[in-house]
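Welcome! Please take a look at the sequence and the 3D structure below before reading on.

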Amino acid sequence: MSSNHSKMENEVKTAELMIDIFCHGQHSRRDGLCPECRGLLDYVRLRLERCPLREDKPKCSKCSVHCYKPDMREKIRAVMKYAGPRMLCRHPILSGRHYLSGE
Ligand SMILES: [Zn+2]
């Protein structure tokens, strides 16, 4: 149970970090997130919390549930593309592998 929770926490943190990097870089935010990015983060968090597959799911990119709405999926994809490589440099521990490659 607790490992489930910590994995979820980790995924949320990773998403948070990526959206943060994206918003700072793309929307010139110094602190906090712009409303759009905050909305995206809320959406991602909700999806992660409600994902019916949870621990068993392969990777979101291969997830059979396809829980992201198309427009949100486009947004998060843009965020990953932008923030992924940057995050690997800045935060080697929280690598974006899970989100990036779909391996
Ligand atoms: Zn933003």
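What you see is a predicted model, in which local features need pLDDT of at least 70 and side-chain atom pairs count only at pLDDT 80 or more, while totals for chains, interfaces and linings use all residues. Residues are numbered from 1 along each chain as its sequence is written, and side-chain values use heavy atoms, with hydrogens and water left out.

**Overall fold**

- The protein has 4 helices and 0 strands; here helices (H or I, at least four residues) and strands (E, at least two) are DSSP runs, numbered from the N terminus.
- Along the sequence, the elements follow the pattern α-α-α-α.
- Of the 103 residues, 38% count as buried, where buried means under 20% relative accessible area, exposed means over 50%, and partly exposed is in between (1.4 Å probe, protein chains only).
- A contact means heavy atoms within 4.5 Å. Among contacts between residues at least 6 apart in sequence, 63% join residues at least 24 apart.

**How confident is the model?**

- The predictor's confidence in each residue is called pLDDT and runs from 0 to 100. Its mean for this protein is 75, and 62% of the residues reach 70 or more.
- Where pLDDT is low, the predicted coordinates should not be read in detail.

**The zinc site**

- Which residues coordinate the zinc ion? They are Cys 23 (SG), His 27 (ND1), Cys 34 (SG) and Cys 37 (SG), at 1.9 to 2.3 Å.
- Donors are N, O and S atoms within 2.8 Å of the metal (3.2 Å for Na, K and Ca); water is not among the atoms, so sites may look incomplete.
- The 4 donor atoms subtend angles of 105 to 122° around the zinc ion, which makes the arrangement tetrahedral. Four donors count as tetrahedral if all angles lie between 85 and 135 degrees.
- The donor residues are spaced C-x3-H-x6-C-x2-C in sequence.
- Cys 23 lies in helix α1 (residues 2-26) and Cys 37 in helix α2, so this pair ties together parts that are 14 residues apart in sequence.
- Cys 23 is buried, with a relative accessible area of 0%, and Cys 37 also counts as buried, at 3%.

**Helix α2, side by side**

- Helix α2 (residues 35-50) has 16 residues and reaches 22 Å from its first C-alpha to its last, close to the 22 Å expected at 1.5 Å a residue. The expected span is 1.5 Å times one less than the number of residues.
- Its buried residues are Cys 37, Leu 40, Leu 41, Tyr 43, Val 44 and Leu 48. These cover an arc of only 160° around the axis, which puts them on the same side of α2; the arc is that of the directions from the helix axis to the C-beta atoms.
- The face turned away from this buried side carries the exposed residues Pro 35 and Arg 50.

**Residues that meet across the sequence**

- Leu 48, in helix α2, is buried with a relative accessible area of 1%. Its C-alpha atom is separated by 7.7 Å from that of Glu 11, 37 residues apart along the chain.
- Arg 45 also lies in helix α2 and is partly exposed, at 27%. Not counting residues up to four places away in sequence, Arg 45 touches Val 12 and Glu 16.
- Arg 86 is found in helix α3 (residues 70-90) and counts as partly exposed, at 39% relative accessibility. The C-alpha atoms of Arg 86 and Phe 22 are separated by 9.4 Å, with the two residues 64 apart along the chain.

Technical notes: Tetrahedral: all angles 85-135°; square planar, octahedral: opposite > 155°, others 65-115°.
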